[in-house]
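Subject: Handing over the structure, with notes on its helices

Dear colleague,

I am passing this structure on to you, and I would ask you to open it before reading further. The notes below are meant to be followed with the structure in view.

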Amino acid sequence: MLQIEPIGIIRNLFSTPTEAENIRSLQSEIELYPSYEAGLLDIEKCRHLEIVYLFHKTERIDLIGKNRNGEVRGIFACRSPFRPNHIGTTTVRFLKRDGNRIYVEGLDAIDGSPVLDIKAGDTTYYEMKGMPVSILHTNPRLEVTRDILEGNMENLLLKAGLLHGHICPELALGVYAGCKIMKKIIESEKNPKKYRIISETDDCPLDGVMFVTGCTPEGRRLRVERTGHVRFTFLDEEGSGWVAQLNDDYALTRKEMLPETVSPEENALRILRVEFDSLFQLYRV
Ligand SMILES: [Zn+2]
């Protein structure tokens with residue numbers, strides 16, 4: 001016979017269901033019933049915790065639900081509360097402990113939710129902020145993907161320099177454009193590996209794009225068609241995608257933007273600090 005007893009209760013400012021994003025941004029308190037307090041020994045050593053709780057305000061069960069983007073999904077493919085057993089789990093950040101109370105950030109349970117269990121969070125597998133798990137499972141280029149999502153372009157530029165042999169402003173252009181489009185692809189939950197790239201230059205910017213995307217001519221996902229433009233077209237299997245095209249006036253503005261008295265490396269970093277829109281046109285195809 002299955003028997004589960006709550007071990008405590010969740011307290012926060014949200015008494016009715018609201019946007020998970022709102023609840024998660026605030027701190028929640030978890031009050032453990034005194035008989036379980038000994039189980040909190042050394043909880044301070046946990047950066048993350050997994051909180052298992054009950055959606056106590058609902059009895060409804062819908063096997064078809066919606067995810068946070070409003071997309072229709074099976075209940076086991078989304079986080080809807082209308083699930084069999086009405087059990088919720090959330091990975092949270094541990095903040096502090098005060099006796100039988102712990103304080104956490106990121107919990108999306110409402111006030112009064114009964115707590116069923118607390119476990120040390122194991123986020124070693126996907127510690128990167130905002131990284132879709134589907135990408136983590138399949139991507140051997142995790143570091144690069146993380147840098148793209150977190151906007152660490154300087155980091156990417158330095159690494160691309162290893163491939164390119166030197167660090168120059170035009171390499172930075174490729175890194176910049178590649179990052180911008182890869183971020184769009186990843187954030188739309190598309191698989192970047194399903195895209196192929198047409199590059200209209202085989203100059204320095206191409207190495208930046210190749211490094212950021214992992215696409216090479218040998219890998220058959222990159223084709224170079226020289227036209228004199230610095231333009232990169234990313235296409236998915238259906239032939240739609242993104243284009244980044246370097247503005248025609250780059251050759252003119254380059255002189256003002258990148259003084260010759262400054263080293264190429266420093267000028268490359270300058271490129272990354274220029275508004276993307278003043279360098280490239282970015283559009284859908
Ligand atoms: Zn170069």
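What is the handedness of the crossing of H4 and H5? The crossing of these two helices is right-handed, and please keep in mind, here and in everything that follows, that this is a predicted model.

To find the pair, look for helix H4 at residues 153-164 and helix H5 at residues 169-187, whose axes come within 10 Å and cross at roughly 125°. An angle over 145 degrees would have counted as roughly antiparallel and one of 65 to 115 as roughly perpendicular, and H4 and H5 are therefore oblique to each other. On the H4 side the contact is made by Met153, Leu156, Leu157, Ala160, Gly161 and His164, while H5 contributes Leu171, Ala172, Val175, Tyr176 and Cys179. Sorted by class, the residues of this contact are nine nonpolar and two polar, with no charged residue among them.

H5 also meets another helix, H8, and the axes of H5 and H8 come within 8 Å and cross at roughly 30°. Angles under 35 degrees count as roughly parallel, which makes H5 roughly parallel to H8. Here too the crossing is right-handed. The residues that meet are Pro169, Leu171, Ala172, Leu173 and Tyr176 in H5 and Pro264, Asn267, Ala268, Ile271 and Leu272 in H8, and they divide into nine nonpolar, one polar and no charged.

Which residues of H8 are buried? They are Asn267, Ala268 and Ile271, and, seen down the axis of H8, they fall within an arc of 105°, so they line one face of the helix. The buried residues of H8 pack against H4 and H5.

Leu269 also lies in helix H8, which runs over residues 264-273. A residue needs 20 or more other C-beta atoms within 10 Å to count as buried, and 12 or fewer to count as exposed; Leu269 has 18, and is therefore partly exposed. Although Leu269 and Cys168 are 101 residues apart along the chain, their C-alpha atoms are separated by 8.8 Å.

Helix H3, at residues 142-150, has its own buried residues, namely Val144, Thr145, Asp147 and Ile148. They cover an arc of only 160° around the axis, which puts them on the same side of H3. After H3 comes Gly151, whose phi is positive, near 75°.

Is Ala38 buried or exposed? Ala38 is exposed, because 9 other C-beta atoms lie within 10 Å of its own. Ala38 and Asn100 are 62 residues apart in sequence, yet 8.5 Å apart in space when taken from C-alpha to C-alpha.

Finally, for the protein as a whole, the secondary structure comes to eight helices and 13 strands, and 29% of the 285 residues count as buried. Of the contacts with a separation of 6 or more, 67% are accounted for by residues 24 or more positions apart.

Key
Residues are numbered from 1 along each chain as its sequence is written. This is a predicted model: local features need pLDDT of at least 70, side-chain atom pairs count only at pLDDT 80 or more; totals for chains, interfaces and linings use all residues. Axes are lines fitted to C-alpha atoms, for helices over the stretch in contact, and angles run from 0 to 180 degrees between N-to-C directions. Helices (H or I, at least four residues) and strands (E, at least two) are DSSP runs, numbered from the N terminus. A crossing is left-handed if the near helix is turned anticlockwise from the far one by less than a right angle, and right-handed if clockwise. Two residues are in contact if their C-beta atoms, placed from the backbone, lie within 7 Å. Ala, Val, Leu, Ile, Met, Phe, Trp, Tyr, Cys and Pro count as nonpolar, Asp, Glu, Lys and Arg as charged, and the others, Gly among them, as polar. The arc is that of the directions from the helix axis to the C-beta atoms.
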